[in-house]
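Thanks for coming. Please look at the sequence and the structure on the screen, and I will go through them part by part.

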Amino acid sequence: MLFEGTERFFRPGYVANLVSSWIPALDGVEDRLRAGADVADIGCGHGSSTLLLAQAYPESRVVGFDYHEPSIEQARKRAADAGLDGRVSFEVASAASFPGEGYDLVAVFDALHDMPDPLGAARHVREALADDGVFLLVEPFAGDRLEDNLNPVGRLFYGASTVICVAHSKSGEPGTALGAQAGEARLASLLGEAGFTRVRRATETPFNLVLDARP
Ligand SMILES: C[S@@+](CC[C@H](N)C(=O)[O-])C[C@H]1O[C@@H](n2cnc3c(N)ncnc32)[C@H](O)[C@@H]1O
C-alpha cells in the first residue's frame with residue numbers, strides 16, 4: 001500500500017516534467033540519451049521514471065534498481081504491460097552496491113533522503129558513472145531553512161517525512177535521516193563529500209529540486 005501510494009504521489013510530476021523539462025535542463029544529456037546511453041535509475045520503486053526514460057529514448061539501455069523485491073516485480077509487470085520488455089530491465093539491488101559501471105546517466109528520484117546511508121549511495125553512484133557521466137538527483141523541493149518550508153508543500157513533506165522517510169532512514173546504518181526537507185545546500189554538501197566536483201540546480205518545480213552533479 002505504501003509503495004503503491006508513493007508511486008501514485010510522485011508519478012504525475014515525472015510524467016509532466018521528466019522528459020519535457022528535467023532532462024533538457026541537464027547540459028548535453030538529451031542528445032546522449034537520443035543517441036543511445038547507459039542509464040540507471042536507483043531506488044526506482046515501481047519504475048514510473050524508469051519506464052518514462054525507456055519510452056522516450058528507445059536507443060538507450062535503461063535499468064531500474066531497488067532493494068524492495070515486490071516493487072521490482074511490479075516494475076517488471078508494468079514494463080511488460082507497456083510493451084517495453086527488452087528496452088528496460090529491473091533488478092533487485094541496493095543503492096550501495098548496484099552492478100554496472102561506465103553509466104552515462106544515473107538518476108535517483110525522490111529516494112536518496114529515504115536511504116539509511118545516502119552518502120554511501122552517492123559514493124557508489126560516483127564510482128558507477130563514466131568520467132563524463134551525470135548524476136541526476138531529484139529530491140522533494142525544500143528551502144535550506146526551516147522557516148522557508150513553512151508553507152503548504154513544506155508542511156505536507158515534513159509530515160510525510162517524519163512518519164515515512166526519517167523512520168526508514170533510521171532503520172539501517174548509519175541512519176543519516178536527511179529527511180524530505182534536506183534542501184539544496186545539505187544535498188550539495190553530501191554530493192561534494194561523495195566525490196562530485198560540480199553540483200548545480202538544473203531546475204525545479206513546486207514539488208521537486210532537480211540537481212545536476214558531475215564527477
Ligand atoms: C519514496 S520511494 C521512491 C520510489 C521511486 N523512485 C518513485 O519516485 O516513485 C523510495 C524508494 O527507495 C527505495 N530504497 C530505499 N533505500 C534503498 C536502498 N538503500 N537501496 C535501494 N533502494 C532503496 C525504496 O525501496 C523505495 O522504492
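Helices (H or I, at least four residues) and strands (E, at least two) are DSSP runs, numbered from the N terminus. What you see is a predicted model, in which local features need pLDDT of at least 70 and side-chain atom pairs count only at pLDDT 80 or more, while totals for chains, interfaces and linings use all residues. Residues are numbered from 1 along each chain as its sequence is written, and side-chain values use heavy atoms, leaving out hydrogens and water.

I start with the sheet. Seven strands make an open sheet in the order β3-β2-β1-β4-β5-β7-β6, and the pairing is mixed. Two strands pair if DSSP finds at least two bridges between them. At the edges are β3 (88-92) and β6 (198-204), each with a single partner strand, so one side of each has no neighbour in the sheet. From one strand to the next, the twist averages 20°. Angles run from 0 to 180 degrees between N-to-C directions, and axes are lines fitted to C-alpha atoms, for helices over the stretch in contact. Inside the sheet, β1 (residues 38-42) and β2 (residues 61-66) run parallel and are joined by five bridges. In that pair, I42 stands opposite F65 of β2.

Helix α1 (residues 2-22) lies across β4 (103-109), β5 (129-140), β6 and β7 (208-214), at about 150° to β4. Helix α7 (residues 184-193) lies across β5, β6 and β7, and runs at about 25° to β7.

Next, the ligand. How many residues surround the ligand? There are 19, and the closest are Y14, G43, D66, A95 and F109; a residue counts if one of its heavy atoms lies within 4 Å. The side chain of Y14 has an N or O atom 2.5 Å from a ligand oxygen. For the side chain of D66, the distance from an N or O atom to a ligand oxygen is 2.6 Å. F109 uses its backbone: an N or O atom there lies 2.8 Å from a ligand nitrogen. Such polar contacts are pairs of N or O atoms within 3.5 Å.

Last, two details of the backbone. Most residues other than glycine have a negative phi, and most peptide bonds are trans. D110, not a glycine, has a positive phi of about 50°, and is found in the loop between β4 and α5 (118-128). The peptide bond from E173 to P174 is cis, with omega near -10°. P174 is found in the loop between α6 (152-169) and α7.

How values were computed:
Contact means heavy atoms within 4.5 Å. A polar contact is a pair of N or O atoms within 3.5 Å; within protein, one must be able to donate a hydrogen and the other to accept it, and residues adjacent in sequence count only if both atoms are side-chain atoms.
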